Amino acid sequence: MTSQICTRCDKPTRKPVIVAQVHSASCGGRTTYACPSCAPSFPQQRDPLAELAALHRARQQGRS
């Protein structure tokens, strides 16, 4: 993998960790990287497709 800039400390890292992926309907998304030492400080990202599936199940069961 190529070198990326850490979002938290703004230093280049040769071992970037993906900490967020932003999806967009109107344009391309983006990926946010962090260095291995800063990565644990980012919150776990929720899966948007899993959330949509859970919402769909809730609506089918009458819990909207």
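This is a predicted model: local features need pLDDT of at least 70, side-chain atom pairs count only at pLDDT 80 or more; totals for chains, interfaces and linings use all residues.
View 1. Although Gln4 and Cys35 stand 31 residues apart along the chain, their C-alpha atoms are separated by 8.4 Å.

**View 2. The whole protein chain.** The secondary structure of the protein chain comes to one helix and four strands, and from the N terminus on these elements follow the order β-β-β-β-α. The radius of gyration is 16 Å, well over the 11 Å that the globule rule gives for 64 residues, so the protein chain is more spread out than a compact globule. Along its principal axes, the C-alpha trace spans about 50 × 25 × 15 Å. Of the 64 residues, 20% count as buried, while the protein chain exposes about 5300 Å², of which carbon and sulfur atoms supply 52%. Among contacts between residues at least 6 apart in sequence, 31% join residues at least 24 apart.

**View 3. The loop residue Asp10.** Asp10 is found in the loop between β1 (4-5) and β2 (12-13), and its phi is near 60°, a positive value in a residue other than glycine. With a relative accessibility of 56%, Asp10 counts as exposed, because the cut-off for that class is over 50%.

View 4. Seven residues make up the largest nonpolar core, namely Cys6, Val19, Ala34, Cys35, Cys38, Ala39 and Phe42. One of these core residues, Val19, is in contact with Thr32, Tyr33, Ala34, Ala39, Phe42 and Gln45, when its neighbours within four places in sequence are left aside. Thr32, a residue of strand β4, counts as buried at a relative accessibility of 16%. Not counting residues up to four places away in sequence, Thr32 touches Thr7, Val17, Ile18, Val19 and Ala20.

View 5. Once residues up to four places away in sequence are set aside, Gly29 touches Val22 and Ser24. The C-alpha atoms of Gly29 and Gln44, which are 15 residues apart along the chain, are separated by 18 Å.

**View 6. Helix α1 and the residues at its ends.** Helix α1, made up of residues 48-60, has 13 residues and reaches 18 Å from its first C-alpha to its last, close to the 18 Å expected at 1.5 Å a residue. At the N-terminal end, Asp47 caps α1, with a side-chain oxygen that lies 3.2 Å from the backbone nitrogen of Leu49. After the helix comes Gly62, whose phi is positive, near 80°.

Definitions and conventions: Residues are numbered from 1 along each chain as its sequence is written. Side-chain values use heavy atoms; hydrogens and water are left out. Contact means heavy atoms within 4.5 Å. Helices (H or I, at least four residues) and strands (E, at least two) are DSSP runs, numbered from the N terminus. The expected span of a helix is 1.5 Å times one less than its number of residues. A polar contact is a pair of N or O atoms within 3.5 Å; within protein, one must be able to donate a hydrogen and the other to accept it, and residues adjacent in sequence count only if both atoms are side-chain atoms. A nonpolar core is a set of buried Ala, Val, Leu, Ile, Met, Phe, Trp, Tyr and Cys residues joined through side-chain atoms within 4.5 Å. Buried means under 20% relative accessible area, exposed over 50%, partly exposed in between (1.4 Å probe, protein chains only). The radius of gyration is taken over C-alpha atoms; the globule rule is 2.2 Å times the number of residues to the power 0.38. Accessible areas come from the Shrake-Rupley method with a 1.4 Å probe; for residues, only the protein chains shown count as cover.
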